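Have the viewer open as you read.

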Amino acid sequence: MLQRPRRNRKSKAIRDLIAETSLQKNNLIYPLFLVNGENKKTEIDSMPNCYRWSIDLLLHEIEDCIKLGLNNFALFPAVEDNLKDKEATYSYHHDNFYLQAINTIKNKFPNITLMSDVAMDPYSSDGHDGYVENGEIINDKTLPILAKMAVAQAQAGIDIIGPSDMMDGRVGVIREALDQNGFTNTSIMSYTAKYASSFYGPFRDALDSAPKSGDKKTYQMDPRNKKEALIEAELDEFEGADFLMVKPALSYLDVIHCLKEQTDLPISAYNVSGEYAMIHAAAQNGWLDYEKTYMEVLTSIKRAGADIILTYFAKDFAKLKS
Ligand code: PBG
């Protein structure tokens, strides 16, 4: 045998020498959940070690993460039912605790990257990402609401707008609204290929944001499709997105790879709540090794072509690497 591939695996040093994929803290975005009020920290049942934080305690948590070397965060609000309505008006209300929190966080930690969520579902009495009329999600009535939400977040000081709603044309409408209001430096990370997935279950528990009726299949993508992701990517790039995202990550590694080949924009992947919950559940049963399994998962997402990973494992990863 002239070729013995095992020679390149014979020691840890050699394996490290030839490793094709490396995972860094600065490639990660840590998603965090915010609730209204003070002195609140409630664990999310289906997401061990993830909490809904009030802003006062969240500031300490972010400080902790910064000390561990994490500098990028995505913030999601859990909104009380009495603040929800059909038009999601609370999303851009000047008293909105989410917008105030963005402002407070960015004032205290100007050097971090903070990313938002733009979609109607946290604020909608229908629990859908778009405007609902007779059971239908109306695309073009949703767009101006998303634009208002994005501008309000930009005013609060957000670094990256994260449209997660999957309405057609929203990246363009948001880009235009941001520019018209002077926010030419506010970035957009589009949820480009967001699939109608069962892996969002724990997240919807965390935010109490599940649809009140129906499902999200008329706007989120069909898991059977890959070429459709290329159409979405082309549109988002054309409409002015700065980053393209694939979501979920693990069951869609082929889509991540495909998008990475098509575009020169940075690609991100959202390692979602259900992917996090699965590993925790198996580890709690003693069926999988927690650390080794999530490391393998994150590595596979990077290897598939993601430059950036949004993951609830970020803090554990950062601790491990400190
Ligand atoms: C809602 C939104 C969802 C997630 C991020 N933004 C859920 C959904 O579309 O129902 C899911 C994130 C996760 O599961 O970790 N616009």
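Some ground rules before going on. This is a predicted model, with local features needing pLDDT of at least 70 and side-chain atom pairs counted only at pLDDT 80 or more, while totals for chains, interfaces and linings use all residues. Residues are numbered from 1 along each chain as its sequence is written, and side-chain values use heavy atoms, leaving out hydrogens and water.

**Cavities**

The structure holds 2 cavities of 30 Å³ or more. A cavity here is a set of points, on a 1 Å grid over the protein atoms alone, where a 1.4 Å probe fits but cannot get out; lining residues have an atom within 4 Å of a point. Grid points are joined across faces, edges and corners, and a volume is the space filled by probe spheres set on the points.

The largest cavity has about 130 Å³ of space. It is lined by 19 residues, and Asp 121, Lys 194, Tyr 200, Phe 203 and Lys 247 are the closest to its centre. β9 (187–194) and α6 (201–207) are the elements giving two or more residues to this lining; such helices (H or I, at least four residues) and strands (E, at least two) are DSSP runs, numbered from the N terminus. By type, the lining has 8 nonpolar, 4 polar and 7 charged residues.

The second largest cavity comes in at about 40 Å³. Its lining includes Tyr 30, Leu 32, Trp 53 and Glu 61, and β1 (28–35) and β3 (47–53) each supply at least two of the residues.

**Ligand**

The ligand sits in the largest cavity, meaning that more than half of its atoms lie within 2 Å of the grid points. Around the ligand are 18 residues, with Lys 194, Arg 204, Lys 247, Ser 273 and Tyr 312 the closest; to be near, a residue needs a heavy atom within 4 Å. That shell divides into 8 nonpolar, 3 polar and 7 charged.

Here are some polar contacts (pairs of N or O atoms within 3.5 Å):

| Side chain | Ligand atom | Distance |
|---|---|---|
| Ser 164 | nitrogen | 2.8 Å |
| Gln 220 | oxygen | 2.9 Å |
| Tyr 312 | oxygen | 2.6 Å |

The protein covers 100% of the 400 Å² of accessible area that the ligand has on its own, by the Shrake-Rupley method with a 1.4 Å probe.

**Backbone**

Most residues other than glycine have a negative phi, and most peptide bonds are trans. Lys 247 and Pro 248, however, are joined by a cis peptide bond, with omega about -10°. Pro 248 is in the loop between β10 (243–247) and α8 (253–262). Ala 88 is not a glycine, yet has a positive phi of about 55°; this residue is in the loop between β4 (72–78) and α3 (97–108).

Technical notes. A polar contact is a pair of N or O atoms within 3.5 Å; within protein, one must be able to donate a hydrogen and the other to accept it, and residues adjacent in sequence count only if both atoms are side-chain atoms. On a 1 Å grid over the protein atoms alone, a cavity is a set of points where a 1.4 Å probe fits but cannot get out, and a pocket is an open set with protein on both sides within 12 Å along at least five of seven lines; lining residues have an atom within 4 Å of a point. Ala, Val, Leu, Ile, Met, Phe, Trp, Tyr, Cys and Pro count as nonpolar, Asp, Glu, Lys and Arg as charged, and the others, Gly among them, as polar.
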